[in-house]
Amino acid sequence: FDLKSGGTLTLFVNADGTVKELSRTAAPESAAVPDVTFDEAVIDANEGVVFKYVGAATKAITGIVNGVEGKSIKIYGTDTASVDVTLSDTGNINVASAATLGDSNDYVQLTLVDGVWIETGRSITA
């Protein structure tokens with residue numbers, strides 16, 4: 001693999017100045033990104049990739065800040081009874097149709113394109 005993309009190459013310098021390869025990783029390291037819990041109407045995309053709602057009342061997502069072009073995030077609902085997360089075309093969010101996430105299995109995937117978070121996937125079971 002291309003070392004410029006990450007990973008480790010371990011070399012030993014011999015007394016005569018030549019180097020000997022001792023080991024190398026098979027692929028670049030990938031850092032695990034933990035899920036982010038949230039209860040606000042605005043999400044900070046720099047905090048993670050998977051966002052899980054933990055609020056006690058129904059919440060409408062009104063905007064997403066930060067992020068880089070091409071980044072995708074998933075927003076999940078909650079299993080709390082009578083609490084939903086809703087998304088619609090508002091602020092910098094563009095969804096195919098209004099979405100109500102009624103449980104923790106429901107999600108909407110959004111991808112940042114030209115400053116707008118566009119829906120690129122969804123799974124709503126109810």
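Colleague: What makes the largest nonpolar core a core, and how many residues does it have?

Modeller: A nonpolar core is a set of buried Ala, Val, Leu, Ile, Met, Phe, Trp, Tyr and Cys residues joined through side-chain atoms within 4.5 Å. Buried means under 20% relative accessible area, exposed over 50%, partly exposed in between (1.4 Å probe, protein chains only). The largest such set here has 21 residues. Those with the most contacts inside it are Ile64, Ile73, Ile75, Leu87 and Leu110. β3 (36-38), β5 (50-53), β8 (72-76), β9 (85-87), β11 (99-101) and β12 (107-113) each supply at least two of its residues. The largest share, three residues, comes from β12. Strands (E, at least two residues) are DSSP runs, numbered from the N terminus.

This is a predicted model: local features need pLDDT of at least 70, side-chain atom pairs count only at pLDDT 80 or more, while totals for chains, interfaces and linings use all residues. Residues are numbered from 1 along each chain as its sequence is written, and side-chain values use heavy atoms, with hydrogens and water left out.

Colleague: Which residues does leucine 110 touch?

Modeller: Contact means heavy atoms within 4.5 Å. Not counting residues up to four places away in sequence, leucine 110 touches a list including Ile64, Ile73, Leu87, Val95 and Trp117.

Colleague: Why is strand β2 said to lie largely in the open?

Modeller: Strand β2 (residues 19-24) has six residues, and the number buried is zero, so it lies largely in the open.

Colleague: How many bridges join β1 to β2?

Modeller: Two strands pair if DSSP finds at least two bridges between them. Five bridges join β1 (residues 9-13) to β2, and the two run antiparallel. Phenylalanine 12 stands opposite lysine 20 in β2. β1 and β2 form a hairpin with five residues between them. Glycine 17, in the turn, has a positive phi of about 95 degrees.

Colleague: Why is leucine 11 called partly exposed?

Modeller: Leucine 11 is in strand β1. Its relative accessibility is 45%, so it counts as partly exposed.

Colleague: In what order do the six strands of the open sheet come?

Modeller: The order is β3-β5-β8-β12-β13-β10, with mixed pairing. β3 and β10 (93-94) are the edge strands, because each pairs on one side only. Three bridges join β5 to β8, which run parallel. Valine 50 stands opposite lysine 74 in β8.

How values were computed:
Helix = DSSP H or I, 4+ residues; strand = E, 2+ residues; numbered from the N terminus.
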